[in-house]
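These notebook entries record what I looked up in the structure. I went through the chain contacts, the folds and a few individual residues in turn.

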Amino acid sequence: MTTYFNEMYDGASVRAPYARLGDWTAAMPADRRLEKQAEAEALFRRIGITFAVYGEGGDPDRLIPFDMFPRVFTNSEWGKLERGIKQRARALNAFLVDVYGRAEIVRAGRIPAKLVFQNEAYERAVAGFIPPKGVYSHIVGIDIVRTGPTDFFVLEDNCRTPSGVSYMLESREMMMRMFPELFRENRIEPVDRYPEVLRRTLASVAPAKCDREPTVVILTPGHFNSAYYEHSFLADLMGVELVEGADLFVDGGFVWMRTTEGPKRVDVIYRRIDDAFIDPLCFRPDSMLGVPGLMDVYRSGGVSICSAPGAGVADDKAIYTYVPEMVRFYLGEEPILQNVPTWKCGAADDLKHVLANLGDLVVKEVHGSGGYGMLVGPKSTKAEIEEFRERIKADPENYIAQPTLALSTTPTFVEEGIAPRHVDLRPYCLVGERIELVPGGLTRVALREGSLVVNSSQGGGVKDTWVLAE
Amino acid sequence: MLSRTADNLYWIARYMERAETAARLLEVGARISLLPSASGYRSDWDSLLRASGNGAGYTEKYGVPDQKNIESWFFFDRDNPNSVASCITAARENGRIVRTALTTQVWDALNTAFQELRQIEARRGVQELSRLTDWVMRHSAMVRGSIDATLLRNDGYNFLNIGYYLERGDSTARLMDVKYYVLLPQVDFVGSGLDNDQWSMLLRALGSHRAFHWAYGGEITAAKIAHFLILNPQSPRALITCVAGMANHMGRLAKYYGRETPAQAAAQALLSEIERQTVETIFDEGLHEFLLRFVGISARLGAIIHDSYLSGDM
Amino acid sequence: MRLTVDHVTRYHYDAPVRGVVQSHRLTPSRFDGQKLISWEVTVTGGEKGGAFRDGAGDWVQAWTVKGPVTEIEVRVKGEVETADLAGILRGHRETVPPEAWCRETPATEADEALRALAESARHDEPLSFAHALAFAVAGAIEYTPGATHEHTTAAEALAAGAGVCQDHAHALIACARTVGFPARYVSGYLFAGEGETPHEAAHAWAELWVPGFGWIGFDPANRCCPDERYIRLGAGLDAREAAPIRGIARGAATDSESLEVAVSVAQPVAVQSQAQ
């Protein structure tokens with residue numbers, strides 16, 4: 001029987017960061033709790049928040065469950081996380097600039113060439129290009145799990161367009177509105193400057209040709225997209241236009257947006273559409289979402305695209321295992337945050353180990369996301385395991401395996417009252433002229449008892465994430 | 001502002017106003033059917049369908065007009081792009097797209113209308129017609145009111161108002177055209193009870209019944225009604241009021257942007273044209289002909305606004 | 001050999017379009033086998049956009065034309081001094097490593113027949129193997145203008161046993177990649193001298209990466225390696241990627257676009273007799 005680290009209780013005693021929350025819950029009768037929960041839901045629905053985490057898909061009008069019990073980090077816990085996350089974001093960007101340039105890390109034999117250059121996310125169209133400030137991935141979402149008081153592991157990196165940050169902001173807003181007393185009693189680091197930091201980060205990577213205050217826009221696939229709410233939410237808080245592909249066009253060496261006062265030049269595009277759809281002239285010719293000619297403008301320095309096309313080659317699950325190596329190679333440092341030990345089924349020895357221990361492992365598709373196409377050994381039936389075994393054997397290169405992590409739990413409001421549920425964490429690291437991290441992130445919680453899958457499409461919810469001030 | 005955003009705002013207004021028109025048409029129809037001289041109602045349904053601008057769609061789906069089908073066509077039917085349900089859904093969708101250009105109050109008003117519409121659709125057939133039309137009027141007023149009370153007076157506000165006035169002028173002209181024949185001057189001499197009923201029904205449909213009596217008093221005559229609905233700037237739905245409103249907001253846009261477009265000139269030309277008219281010149285031209293001409297000019301004006309601001313090609 | 005090029009592409013739209021965006025790979029590559037004497041590209045009513053050298057070493061120039069417009073003409077005029085390097089792309093600078101040219105595309109996806117064709121050409125020595133592949137493809141697909149179209153895949157062309165230079169190149173690329181050669185599609189011009197089969201002057205062939213030599217061109221359509229009669233423009237994973245002109249007209253109705261191409265490649269002294 002695995003024991004799980006409970007972030008609030010150490011045996012019978014309450015861990016320091018949660019000290020005041022014990023009294024708070026003790027003083028909250030069940031009917032008030034239900035009332036508050038209903039209030040929160042009504043607020044979310046009225047604002048029109050709907051939500052989907054990157055790649056999860058699903059009904060665009062679905063509400064993700066919100067749990068009122070906050071998840072708390074001490075200042076020193078966060079300090080370590082912050083250093084580790086920033087270090088990782090720097091290494092990932094150094095890697096991207098390198099593999100689209102001379103690829104020294106490949107030449108040095110630290111990463112197999114095939115893994116990089118035959119990767120689907122490797123974008124030949126940006127090879128030889130160094131984006132402004134040498135940044136490919138401007139918003140790095142790093143998924144982290146905790147297994148003990150000081151044990152944190154990186155589960156995966158998201159270098160393209162990690163979503164969910166609106167939930168970090170809205171959860172906080174909701175908590176402050178419903179429980180102002182908690183914020184008086186606890187000294188909680190604010191997260192509401194995130195949109196401003198994001199805007200500054202984006203503006204800081206404007207192309208050299210931009211000789212005035214940069215015009216930043218968010219490019220969305222449109223209002224049918226499941227994350228549209230987040231796109232419009234961020235545009236609003238940053239005070240920038242939310243555009244669709246058809247609102248932009250290329251003329252001369254620049255990108256322009258159609259406004260009621262005529263064309264207006266655009267300098268930085270925070271795109272929330274996939275590489276393949278950015279420019280039908282360069283990528284998928286059938287894309288109706290993109291802007292024809294955009295890539296030529298980008299490569300000739302007329303506009304910046306965030307994150308840069310091709311950034312995905314750094315967050316592939318097969319590349320993931322090499323991130324600690326990147327930290328050592330580019331930064332000459334030891335990684336502060338550990339990877340989860342990973343077996344690559346493509347390697348014969350690893351495959352043997354994986355097939356022999358399927359019942360204890362989590363197996364994932366290399367390119368999959370959203371908790372689909374994965375096997376959680378200890379939670380699966382014999383038949384499911386056997387079926388997966390065949391899938392792995394048929395295409396070993398497509399799978400990696402990891403030990404079943406003893407994900408930490410935090411107290412969560414459930415029907416019967418309060419019970420521990422497993423959580424993970426996605427902080428959003430912003431990389432531009434500077435590297436910045438707002439103290440907080442998206443905590444996802446597996447609401448089903450015993451479940452280790454936190455994805456919203458699989459019964460996950462979200463919580464407010466607190467970092468206590470010193 | 002993005003051209004597409006302006007376009008979305010403009011269409012929020014047009015769809016909300018159009019939902020109201022559908023409800024008013026429905027109200028007229030229902031009242032006609034309650035008249036004792038029920039023999040004529042078939043042709044009245046026909047003229048309602050004509051006025052809605054999409055009679056062919058109805059005929060194709062249902063064939064001959066009957067009250068139940070007409071109600072469902074004007075209120076619930078998604079196949080009818082001008083039905084209350086279609087318009088409110090479209091207005092809310094346009095609102096969702098430009099959520100950030102709206103205040104919470106405006107979004108709330110739009111979203112609440114849409115959420116309640118879904119409930120009404122679920123309980124379809126249970127509600128009385130008059131409650132449905134009241135419901136539409138109430139929500140249309142809430143959206144309009146929240147726009148007036150909370151929105152910044154910027155370019156977006158002007159595009160919303162231009163949408164409202166353009167659609168409303170068009171709607172008044174079409175509603176009058178349904179009954180233009182009872183407004184022909186010679187009918188004054190007949191003075192039959194039916195005609196009087198029809199006139200007051202027209203006023204009721206435009207929500208102007210009481211306003212008319214306050215403004216004019218005495219007998220209802222064709223000339224008074226035509227004046228009230230076309231030329232009286234006090235009347236909120238009069239064509240002149242709509243055109244003046246449009247010209248006003250167009251002028252504010254030009255000032256805001258420091259740039260005139262063909263849209264300003266076109267709105268101003270239409271305003272001068274209406275200001276020159278009298279009841280006599282209108283009846284000389286023929287009321288039906290005049291209204292048709294107005295609907296045509298108004299559509300062209302819409303196209304010019306599109307080219308000047310909303311298409312993004314300039 | 002000195003070669004002059006006069007290449008005109010005329011686009012006609014049935015209804016005026018709102019604007020046209022194009023991306024050109026219309027400038028001869030920089031390598032030891034060719035030297036530019038003069039080169040000019042013009043687009044009627046066009047404005048030059050951004051320009052850059054891409055990771056494959058090709059010079060890319062963007063153009064935009066403001067609408068409404070119903071016709072535009074892209075004209076390439078220039079003169080190049082070429083040399084015969086037996087197909088070897090010597091002195092060509094590029095960032096993208098050969099490993100990145102192994103990806104299949106829909107046009108170059110290998111089926112059983114292509115795989116079998118590749119195996120039938122197997123040699124131990126890579127250079128001989130590469131030559132044998134080109135030879136095998138030349139033998140399996142007969143040069144037949146009109147037998148295939150723009151979107152024909154390598155597998156379809158092989159099944160039909162007929163095609164043009166694009167099909168030869170696609171088939172060779174597909175075969176080469178299945179047996180481990182990085183391979184790519186090259187577009188350019190070909191001067192057809194007297195007494196030889198006159199193929200289209202706008203030409204295409206394939207390049208294979210052969211250990212010890214680097215990139216080598218193979219032209220199955222003419223059963224040879226590119227020599228001084230060839231002018232190399234640019235490379236891509238397949239014909240679509242390597243297209244000398246990629247363009248999109250905004251607001252164009254589908255199928256309302258028609259295209260006329262006229263290319264002549266000549267030796268400067270004999271311009272009059274060679275043209276047309």
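**Entry 1: chains A and C**

I began with the contacts between two chains: 24 residues of chain A are in contact with 24 residues of chain C. I counted two residues as in contact if their C-beta atoms, placed from the backbone, lie within 7 Å. On the side of chain A that touches chain C, the elements giving two or more residues are α5 (113–117), β8 (248–251) and α11 (294–299) of chain A. Here helices (H or I, at least four residues) and strands (E, at least two) are DSSP runs, numbered from the N terminus. I sorted the residues on that side of chain A into 11 nonpolar, 8 polar and 5 charged. In this sorting Ala, Val, Leu, Ile, Met, Phe, Trp, Tyr, Cys and Pro count as nonpolar, Asp, Glu, Lys and Arg as charged, and the others, Gly among them, as polar.

**Entry 2: conventions and confidence**

This is a predicted model, in which local features need pLDDT of at least 70 and side-chain atom pairs count only at pLDDT 80 or more, while totals for chains, interfaces and linings use all residues. Residues are numbered from 1 along each chain as its sequence is written, and chains are lettered from A and ligands numbered from 1 in the order in which they are written. For the complex, the predictor gives an ipTM of 0.91 and a pTM of 0.89. I then looked up pLDDT, the predictor's confidence in each residue, from 0 to 100. Chain C has a mean pLDDT of 91, with 94% of its residues at 70 or more. Within chain C, confidence is highest in strand β9 (residues 214–218), at 97, and lowest in helix α6 (residues 271–274), at a mean of 43. Over residues 270–276 of chain C, pLDDT stays under 50, and the model has 8 contacts beyond four places in sequence for them.

**Entry 3: chains B and A**

I next found 17 residues of chain B in contact with 17 residues of chain A. Two or more residues each come from α1, α5 (84–97) and α6 (104–122) of chain B on the side that touches chain A. The largest share of that side, 3 residues, comes from α1(B). By class, I noted 7 nonpolar, 4 polar and 6 charged residues there.

**Entry 4: the fold of chain C**

I recorded 6 helices and 12 strands in chain C. Its radius of gyration, taken over C-alpha atoms, is 19 Å, which agrees with the value near 19 Å for a compact globule of 276 residues. The globule rule is 2.2 Å times the number of residues to the power 0.38. Of the 276 residues, 49% count as buried. A residue is buried if 20 or more other C-beta atoms, placed from the backbone, lie within 10 Å of its own, exposed if 12 or fewer, and partly exposed in between. Among contacts in chain C between residues at least 6 apart in sequence, 72% join residues at least 24 apart.

Which residues touch the most other members of the largest nonpolar core? I found C:Leu172 and C:Cys175, in a core of 305 residues. Such a core is a set of buried Ala, Val, Leu, Ile, Met, Phe, Trp, Tyr and Cys residues joined through C-beta atoms within 7 Å. Helix α1 (residues 3–34) of chain B gives this core its largest share, 14 residues. Not counting residues up to four places away in sequence, C:Leu172 touches C:Leu133, C:Ala134, C:Val137, C:Ala206, C:Phe218 and C:Pro220. In helix α4 (residues 165–178) of chain C, 14 of the 14 residues are buried, so the helix is largely enclosed by the rest of the structure. After α4(C) comes C:Gly180, with a positive phi near 100°.

**Entry 5: chain A and backbone details**

Of its 470 residues, 50% count as buried. A cis peptide bond, with omega about -15°, joins A:Cys306 and A:Ser307. A:Ser307 lies in the loop between β12 (304–306) and α12 (317–320) of chain A. In chain C, the peptide bond from C:Gly67 to C:Pro68 is cis, with omega near -5°, and C:Pro68 is in strand β4.
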